[in-house]
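Colleague: Hi, could you walk me through this model? I'm new to this, so please spell out the terms.
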Amino acid sequence: MSSLSSVRQAQNSARLRRNFDIAIRLLIAAILIAFSIFPVLWMISASFNPTGSLATQTLIPPNAGLDNYQKLLTSREFPFWTWMWNSIKISSLTSVLSLTITTIAAYAFSRFRFRGRITMLKGIMLINVFPALLALVATFLMISQLGDVLPAFGLNTHASLILVYLGGAMGINIWLMKGYMDTIPRDIDESAMIEGASDWQIFSRLILPLLRPILIVIAIINYIGTYGEFVLARVLLKSTDQYTLMVGLQIFAGAQFQQRWGVFAAGALLGALPIMIIYLLLQDQIIGGLTQGAVKG
Amino acid sequence: MTVLETPYPTKVPSSMPGLLARLAFLAVLDVAVAWFSYRLISLGYFPFGAAVLIITVGINLIILIKKAYPLRWMVVGLVLMVLFTIYPIVFTIWVSFTNYGEGHLVTQEQAIAQILKMKYLPETGQSYKWTAYRSAEGEYALWLQDAAGNGYLAKPGEPLLQPGPGEAGVGELDEKGIPKTIEGYQRLSVLLAATDKNLTEILFGEAGKTIQIRSPGEAAELLPLYVYDSERDAMVNQETGVSYRNLRGKFTAPNGDTLQPGFIAPIGFSNFRDFFLSPALRGPLLRVTAWNFGFAFFSLLLNFSLGLAIAVLFNEPRFPFKKVIRSLLIIPYTVPALITILIWRGMMNPQLGVINRAMNTWFGWSPPWFTDEWWAKIAILLVNLWLSYPYFMLICSGALQSISEDYYAAAQVDGASGWQQFRYITLPLLLVAVGPLLVASFTFNFNNFNLIYLFNAGGPPIAGAPTPAGHTDILISYVYNLAFSGSRGINYGFASAITIIIFFIVGAITLFQFRYTRMWEEVSENV
């Protein structure tokens, strides 16, 4: 009897300690959450603050309203929708084209045996150590020279920006994709080959459908990376109606930032929402890709 | 894993229609490229033109040679990689050995062409009064009158004529002796002629004895002021006889006078020497480099520590609200970085930002985030912490789950404390798993241009720096200022040299990473 009760007592005190422990951790979690969402809340609050100025903002604005949104969406000087559309267009095209290049190349690396294969794979990795940002000057000069011959691909065109982004398609993501393909058994393609299927048929009919999960992950990570890219777009795009959203927001924030704070917050929020939603809906897949070394952009 | 050694695919597909299609494709491509690179080279863009030609030869080989069949699957990617990744790297290396920049923006050929356009009036040269005429097609003619009142008709590329009225289409003369009409041409009023920009560019008369308009009242027989002596690589002034020799991209006279424009010239290791030795640059550059390392190191330390702490704290699988907590904690990571950096810039505004207003109210004091060197650095680290701790939290919690429970069970049997378990089991195993990502993160932050540029553009400025530099500038943002700020002395050459130095630093770190993570071996295993 007495031993049983002492066991129960010990269990009780252990449970108590555990509950206390969890309560402390939840408290810490609450503090951390406050730290991590405060700027976002502050951005939301600023966007609804009718005075629109940095100086007069409080967390819960009195007379909250949509004035800032109205200003943002009707402004001639800052064509928000054009920027948003430019960003969506450039990110989608880059993401799809880059994924196509990556996938087809990775198939060759995974399925064919040829001289220089390993060297090329290593080379691709080493080249990507050189951050694209570092070649900014050269890229800028090159695009301006290209534009002197083919104006459609010169400075201030979306085509040039997409091409430069695609220059990184043969990147680290090839490794990720090849690694995934290597896990698909060779037996599948060998039996198809015996039946007379061509390489392209094997790739497009058999392998491609099996790649769906990784295709989605790489496409999304690529999309998010391109959407958020700023420096190349800033250097290559020159006129207001060609800007991507990130360049537009940065320029917008550059002048009279304090007075335009509310409108900026509204634009920033609208611009960030699509990406935030993608992340939160697909967090497991994206995180899986990122931790395996997939790169944005 | 067993290695499949059969060459694969066993045979390269080949068919007549396929071959014809490939040949047709190559024919079209080659013609297009020939035109394209001809245009590039005729504009003076030799490196780019050469790169395009080399790439095209590569494409031809890949498509024609049977053995290169696997490369056909990646030819588009390879072309884009060579053009937009490798070529800029090679170009950067080349530029780093030149003085490309302000005062040296064109090629030597272009500079010579410009200098050769300069003219002078020789002492024996004739000068005239002029009247201009223009045809409907935009061709020009001049009626010239010398001091004695003789009239001449001058057209570009044709010898000078001395026609009377009625000859060579010249109509009736007015009271000043100027033809009222010339057949096919319309006489221009003085005002129209004076404002016509084309007119002063045109050389009238035959080669070697050209006449050019010098001022609204005077046209003169001009000779080129300079003659290029290709053997000595020098420009000789025909009026004074002084020769200007090519000295590091400027034609320079013995007395130090130079001719404009200067041009791009190789200057050896000067840019690199400047980086390490220039006394004026040394102070700012040392600060920038030291902060660059400090920033990358402390960012990694802080971000990783917080991420790891959170991961450990909520590692238990049955922790309440785990999923919700995680979703809320990764929010900073989901907002595009540019947006959050700008939001933080607003929140830290010294007079109006919420953080400083709150601190002023509570403590009567707030940090000068943007004007004080050290507070600016702290602000940058703080913003970076907010931006990237979720990433470390995610990779750490992933790695923690892969550590076997058995280790902890064994440690408990041995009576190890919680701290000891963390110190001797969790941390070492975790570091093995996330080590490569930590190195990658260090190199990312080493070049974290966006954060520095968007938050405060590297400010506050370092006083007395010869080129724009700030206390929070890192090398890459310093390079950006050199190349693009345009305010003081664009210097692509020096910017490129620093770029190469950054590359060596980052490359060394990455090689170190490969060495210790056995990445190469992993690749080879998967052969």
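Colleague: How many Å separate the centres of domain 1 of chain B and domain 3 of chain B?

Modeller: In this predicted model, the two centres, taken over C-alpha atoms, are 39 Å apart. Chain B is assigned domain 1 (16–96), domain 2 (119–224) and domain 3 (276–525), with bounds that come from an automatic or database domain assignment.

Colleague: Which numbering and cut-offs are you using?

Modeller: Residues are numbered from 1 along each chain as its sequence is written, while chains are lettered from A and ligands numbered from 1 in the order in which they are written. Local features need pLDDT of at least 70 and side-chain atom pairs count only at pLDDT 80 or more, but totals for chains, interfaces and linings use all residues.

Colleague: Thanks! Back to chain B: how many residues of domain 1 are in contact with domain 3?

Modeller: Four residues of domain 1 of chain B are in contact with six residues of domain 3 of chain B; contact is when two C-beta atoms, placed from the backbone, lie within 7 Å. The domain 1 side has two nonpolar, two polar and no charged residues. Here Ala, Val, Leu, Ile, Met, Phe, Trp, Tyr, Cys and Pro count as nonpolar, Asp, Glu, Lys and Arg as charged, and the others, Gly among them, as polar.

Colleague: And how is chain A divided?

Modeller: Chain A has domain 1 (2–48) and domain 2 (71–291), and their centres, over C-alpha atoms, lie 40 Å apart. Four residues of domain 1 of chain A touch six residues of domain 2 of chain A.

Colleague: What about the two chains together: how many residues of each are in contact?

Modeller: That's 80 residues of chain B with 74 residues of chain A. On the chain B side, helix α4 (residues 75–96) of chain B gives the most, with 15 residues. By class, this side of chain B has 61 nonpolar residues, 18 polar and one charged. Helices (H or I, at least four residues) and strands (E, at least two) are DSSP runs, numbered from the N terminus.

Colleague: Which residues have the most contacts inside the largest nonpolar core?

Modeller: They are A:Ala105, A:Leu249 and A:Ala268, in a core of 175 residues. Helix α13 (residues 373–401) of chain B gives the most to this core, with 14 residues. A nonpolar core is a set of buried Ala, Val, Leu, Ile, Met, Phe, Trp, Tyr and Cys residues joined through C-beta atoms within 7 Å. Buried means that 20 or more other C-beta atoms lie within 10 Å of a residue's own, exposed means 12 or fewer, and partly exposed is in between, with C-beta atoms placed from the backbone.

Colleague: What does A:Ala105 touch?

Modeller: Not counting residues up to four places away in sequence, A:Ala105 touches A:Met170, A:Ile174, B:Trp73, B:Met74 and B:Gly77.

Colleague: New topic! Why is helix α11 of chain B described as largely enclosed?

Modeller: Helix α11 (residues 337–347) of chain B is largely enclosed by the rest of the structure because 10 of its 11 residues are buried. Among them are B:Leu338, B:Trp344 and B:Met347.

Colleague: How many residues of strand β3 of chain B are buried?

Modeller: Five of the six residues of β3 (residues 140–145) of chain B are, so this strand is largely enclosed too. Strand β2 (residues 127–135) of chain B pairs with β3(B) in the antiparallel sense over six bridges; strands pair if DSSP finds at least two bridges between them. One bridge sets B:Arg134 against B:Tyr140.

Colleague: What sits in the turn between those two?

Modeller: β2(B) and β3(B) form a hairpin with four residues between them, and B:Gly138 in the turn has a positive phi of about 90°. On to the next pairing: four bridges join β3(B) to strand β4 (residues 151–154) of chain B, again antiparallel. There, B:Leu144 stands opposite B:Tyr152.

Colleague: Last one: where is confidence lowest in chain B?

Modeller: Helix α19 (residues 519–525) of chain B has the lowest mean pLDDT, 48, while helix α2 (residues 46–64) of chain B has the highest, 92. pLDDT is the predictor's confidence in each residue, from 0 to 100. Chain B averages 84, and 94% of the residues score at least 70. For the complex, the predictor gives an ipTM of 0.86 and a pTM of 0.80.
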